[in-house]
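Me: Hi! Could you walk me through this one while I have it open?

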Amino acid sequence: MDKGNPRELWEYILTQVELSISPANFNTWFRNSFIVKVEDGVIFIGVPSQFFKDWYLKKFHTLLLKIVRDVSYEFRNIEYLIVKDERRKALKEVRNVRGALELPLDEFYINKSDNLNPRYTFDTFVIGSFNNLAYAAAQAALERPGITYNPLFIYGDTGRGKTHLIQAIGNQYKKQYPGRKVYYLTSEKFVIDYTDAVQAGTANRFKDKYRHYDLLIMDDVQFLSKKERSEEELFHLFNALHDTNKQIIFSSDRAPVAIPDIAERLKGRLASGMSVDIGEPDPESRMAIARKKAASHGVILSDEVVEYVASTMSGSIRELEGMVNSIVCHAQVKGVAPDIVEVRQSLRSFTRPQKNISVKNVVDKVAAFYGIDEESIYEKTRRREVVRPRQVIMYILREDFSISYPTIGTKLGGRDHTTVIHSCEKIKREVIVDNDLAKEIQNIRTLLV
Amino acid sequence: MNISIEKKEFSDAVYKVSRFAERKNTTLPVLSSILIIAGHDGIKMRATNLEIGIDLKLEGKYISDGVVAIPAAVLQQIAGTLTQEGNITIEHTGDTVSLMSGTGKSLIKTVPYDDFPTIPFPENPKNRVVLPGVLLKNLFTSIAPCASSSMVRPELSSIYMSIEGGVLTAVATDSFRLAEKKIPLSNKGTQGKFLIPAKNALEIAQALPDDDIIMSFDEHQCAFVASQGMFVSRLTNAVYPDYRQIIPKESIVEAVVLRKDFETALKRTTIFSDAFQKVKISFNPKKNNFSFFAKNFDIGESSETLSANISGSPLDLSFNHRYLLAALSLTTTESISLLAAGIGRPLIIKGVGDTSLLYLVSPMNQ
């Protein structure tokens, strides 16, 4: 607390007063008061009327004096002033202005003619080891559009920054080549446009519409799978653009060959240019992303906060962004950047829920997952189809819920703790080499959350 | 505590005092209670909502002294049902109080009175005037409705009281109309001015006795002290607009009409006023009459002409009829005079022979 700041000092006094008097008293007497000024060690408290002044002097003077003396001995005395009505009102308004900080709307502004979101630029794009190849490819494509890498195919898991990268290419392209036409769309929009055009009998106009762009960016092409007519239309569009050396950029959540139910000829064409993947961001990159995101909102976070944020969220950058946004919001409301304790407090909702779940629940879920009778888990049977689930249960109970070996043993039909240790070690070993088992356990975990 | 009060005295006092208690079910329960004090200087009732406060003396017998706080709403309901003659006995034991009146006996839970605030008295007792309570009562009740009911501008929801040269001037305005009333004072020395919230003034007017009271005030607080008790109110701490500027100095036409004619004609015309409550008045010096006109597309239209003494040039003006009618409750004279200064300028209404009142109302756009 800054004892020179009357507002902070008053807030501190209020928290102390609140502890010593009844809520009814507190609300009646302290809600409309504030510190007017601090002068030569005398604190001037502004109160609404004579009633308050008399009562403060009679009832609260010693209490308040004790509280401020605890803060600092430099406060000699407290005086009470009856303040003008306007003055009190004006102060309230000033406070409201702080609370009413709005998110700037232009973040969500999207350009109608090219469908690009101006928020996504290379300036806000964090480059790390996980995406520098993709970034280099994007730069090369921008250098000589339509020639170097055509099409450019970027793939990676959700929330890795694919959309950011391809939109940034679009925005940069607009800047570098004014006059040329860019268009960004998702494959889903392409499908809808096409079906609409077919319905309206204007399929020819549809073809023309997309063929006059100099740079076409299509997001999430994996959604084209099983939509044969749209695929064929994209195939023709692709050929038309490719032949005239117009740059095409695709994004997807998997490599072209791995997209299921998509025509072979389109698959080949998607992979014909440059396919590049964006991996999982390493911790350093995640820290850089968190810092950059916060800085773009004008909030400087301390190193430990950044580290905490980056380490608690694994995977999606989108979730990381959400976390940073929540911190930024807190900072804007309170007026100061939060420290690590507050961050931990406020981000509890983002971190995985506290795992306290009954053993029975885990057994139920796993038994249901493997399609066996849950009773058999507790029995002494050594049938293979029961043994594996039982071991998986032990492994999950140990790894995810940190239950002791003996407890797991007793809960699962009175087994020895060494049996449990053996099972856990076995699964731990196998999970590294056996991809199917790893996937199974991953799926079970999602069931348990 | 053990006291005995005559029933009528008790119900009157409860009726007066409970108006000063907090009516909203807010924070501090003691604020919505009446404090009854019995001591060597008699029996007293107190209540305050931190805006206004009352300290009322009661006639009655006291057997033993003590202090007790009872919810005002409960006392008010009991007081409303007391009919027969006789006394009511109030006895306090533990955390209950028993009320005995003739046949009945009620036990009421009390409220802890430690938190009952002191009722503050103005710090500087130099600013004081003595005047009959009945005058002040009439002044407040007649003029307070002209103040603004919105709290956006605290000065406009207050009555401006100014004492100068032995005259007390009270002004209230809501920026559409303005009422100014003057009362002569017996002692001429005091000077000063203050702003009392109109809401508070109305509450105090209900409780004021008719005989002489002492009105004293300082920057933040005013008090009205009578032999029966003391009434205090918070003052509005703001600057009152210089209302004298807007009063037209000259007039182009004046009409003198009988108050009774004016009232009935106006009331009949308002039936036909539109959603804006517009009534048009016309001064016709040639025919020596004065007319009202109102038109409503749904109902129809109506005009009323009354004979009047007109001097000046012809003029038409439109007003909100409520503001015209409000002028009549401010004066009791048989005829009233209306002075207009031209199109778009305010109309002044005065009672003929009554110099104490000045009522100003702004016209509506034609």
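Me: How many bridges join strand 1 of chain A to strand 2 of chain A, and do they run parallel or antiparallel?
Reply: Five bridges join strand 1 to strand 2 (residues 42-47) of chain A, and these strands run antiparallel. Strands here are DSSP runs of E, at least two residues, and helices are runs of H or I, at least four residues, numbered from the N terminus. Two strands pair if DSSP finds at least two bridges between them. This is a predicted model: local features need pLDDT of at least 70, side-chain atom pairs count only at pLDDT 80 or more, and totals for chains, interfaces and linings use all residues. Residues are numbered from 1 along each chain as its sequence is written, with chains lettered from A and ligands numbered from 1 in the order in which they are written.

Me: Which residue stands opposite Phe34(A)?
Reply: That's Gly46(A), in strand 2 of chain A.

Me: And what order do the strands of the sheet have?
Reply: In chain A the order is 1-2-3, an open sheet of three strands with mixed pairing. Strand 1 (34-39) and strand 3 (77-82) of chain A are the edge strands, each pairing on one side only.

Me: Which strands does helix 3 of chain A lie across?
Reply: Strand 2 and strand 3 of chain A, and helix 3 runs at about 155° to strand 3. Axes are lines fitted to C-alpha atoms, for helices over the stretch in contact, with angles from 0 to 180 degrees between N-to-C directions.

Me: Switching topic: how many residues of chain A are in contact with chain B?
Reply: 14 residues of chain A, in contact with 17 residues of chain B. Contact means that the C-beta atoms, placed from the backbone, lie within 7 Å. Helix 3 of chain A gives the largest share of chain A's side, five residues.

Terms used:
Two residues are in contact if their C-beta atoms, placed from the backbone, lie within 7 Å.
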